[in-house]
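Reader: Please give me a close look at the pairing in this model, down to residue partners. Then follow the side-chain contacts that go with it. Keep it brisk.

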Number of protein chains: 2
Amino acid sequence: MKTIEVDEELYRYIASNTRHIGESASDILRRLLKLESQKTEPSAEPAPAGVQGEGVRRMLDAGTLAAQDSAIERFMTILSVLYRDNPAAFAQASDIKGRKRIYFADSEAALLAAGNTTKPRAIDGSPYWVITNTNTGRKRNIVTQLMAAMGYAHGLIERVSQSI
Amino acid sequence: MKTIEVDEELYRYIASNTRHIGESASDILRRLLKLESQKTEPSAEPAPAGVQGEGVRRMLDAGTLAAQDSAIERFMTILSVLYRDNPAAFAQASDIKGRKRIYFADSEAALLAAGNTTKPRAIDGSPYWVITNTNTGRKRNIVTQLMAAMGYAHGLIERVSQSI
DNA sequence: GAGGCGATCGTCGGGATATTTT
DNA sequence: ACAAAATATCCCGACGATCGCC
């Protein structure tokens, strides 16, 4: 696997062409470029425990979060990183919900249907949407629940949710 | 700039479509995907701390600004000096934007496209354009954000933006 | 586009807090 | 009735761009 840099807009364009949950950038690009698909393994196996959280830690350390100036931006960044860290686990975990509202869905409409003025937003680099009309406490809560369901260590969960 | 992973073969495919030396992955992909090209900014290294701000201080001390009789002229002069002081950092920093409008671009059209009556102006001695239809407070704001992103010291930022 | 500038006021987004539900 | 959790209204500050003034 090689790493390349693409600008924000292009990144979003690629992400928006995701056909199924967990699809990799390579797969999407190959389809868009009409190249012969090379079987990329459906990356479903749980990440080896030692590795889990690599990307997340990098985000914390890089100060990416501290740079954002609103809770909502930090929230969205975290979700985006979490998704990329382990799409399969994210998919599993994302069915957490509140009393009436659902927090994640693969379409804006689904979120709008389950509550009033939920202000859904697309999670960058993923096929998912989240609810956004919540206070900061609940945003922390959502991240905590999500990460717990994805199997992250307690300490890391704490660090991440406090950084919102 | 976002980072994505692509498999070896795809990477080679992209690389093989390079049209000119130094072309970025984004540019190549945009061409292959037939997307509107967006100039990719040359990646900048932070300026050596000691030198940063030389030209800016000179401008302040020379009273060049005080001589101008409108905020907009002082604004344009400052931007021009900032660009020359560190073109690479300026390029990095110039992606700051408002709710709808973008503040800087390398073409008039890009600015016109992102807002109504933005009154773009070319920044002297640079390939950039700025938005101009703002009150003085926002002009100060833009300069403050820009300089902060370029890594100038707080005190200097303050002096400059107050001089508008 | 072509008169230039920018204050003023309308609009929008963030998220704390009041309200509702369990 | 009380507390805790969840919802979503609504206030405040930030941003946009019209339009009045020179």
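Author: Start with one pair in this predicted model. B:Ala105 stands opposite B:Trp129, a residue of strand 4 of chain B. The strands concerned are strand 2 of chain B and strand 4 of chain B, the latter covering residues 129-130. Two bridges hold this pairing, and its sense is antiparallel.

Now widen the view. The sheet in chain B is open and has three strands, in the order 2-4-3. Its pairing is antiparallel. Strand 2 of chain B (104-105) and strand 3 of chain B (121-122) are the edges. Each has a single partner strand, so one side of each lacks a neighbour in the sheet. What links strands in such a sheet? Backbone hydrogen bonds do, in either a parallel or an antiparallel arrangement.

Strand 1 of chain B takes us across to the other chain. It spans residues 2-6. Strand 1 of chain A, also residues 2-6, joins strand 1 of chain B through five bridges. The two run antiparallel. Strand 1 of chain B has two faces. B:Lys2, B:Ile4 and B:Val6 make up the covered one. B:Thr3 and B:Glu5 make up the uncovered one.

Next, the side chains. How many salt bridges does a search of the whole structure find? Three, counted over all chains. One of them joins A:Arg30 to B:Asp7, with the closest N and O atoms 2.9 Å apart. This pair crosses between chains. A:Arg30 sits in helix 2 of chain A (residues 25-33). B:Asp7 sits in the loop between strand 1 and helix 1 (8-16) of chain B. Are these two partners buried or exposed? A:Arg30 counts as buried because its relative accessibility is 2%, and the cut-off is under 20%. B:Asp7 is buried too, at 7%.

The other salt bridges concern chain B. B:Arg58 meets B:Glu54 at 3.8 Å, N to O. Both residues belong to helix 3 of chain B, residues 54-61. They are four residues apart, about one turn of the helix. B:Arg58 is exposed at 54% relative accessibility. B:Glu54 is partly exposed, with 40%.

B:Asp61 pairs with B:Arg159, and here the closest N and O atoms are 3.4 Å apart. B:Asp61 is exposed, with a relative accessible area of 57%. B:Arg159 is partly exposed at 41%.

Last, chain A as a whole. Chain A has nine helices and four strands. Along the sequence, the pattern reads β-α-α-α-α-α-α-β-α-β-β-α-α. The chain has 164 residues, and 46% of them count as buried. Take its contacts with a separation of 6 or more: residues 24 or more positions apart account for 55% of them. The accessible surface of chain A is about 8600 Å². Carbon and sulfur atoms hold 49% of that surface.

Note on methods
Residues are numbered from 1 along each chain as its sequence is written. Chains are lettered from A and ligands numbered from 1 in the order in which they are written. This is a predicted model: local features need pLDDT of at least 70, side-chain atom pairs count only at pLDDT 80 or more; totals for chains, interfaces and linings use all residues. Side-chain values use heavy atoms; hydrogens and water are left out. Two strands pair if DSSP finds at least two bridges between them. Buried means under 20% relative accessible area, exposed over 50%, partly exposed in between (1.4 Å probe, protein chains only). Contact means heavy atoms within 4.5 Å. Accessible areas come from the Shrake-Rupley method with a 1.4 Å probe; for residues, only the protein chains shown count as cover. A salt bridge is a side-chain nitrogen of Lys or Arg within 4 Å of a carboxyl oxygen of Asp or Glu.
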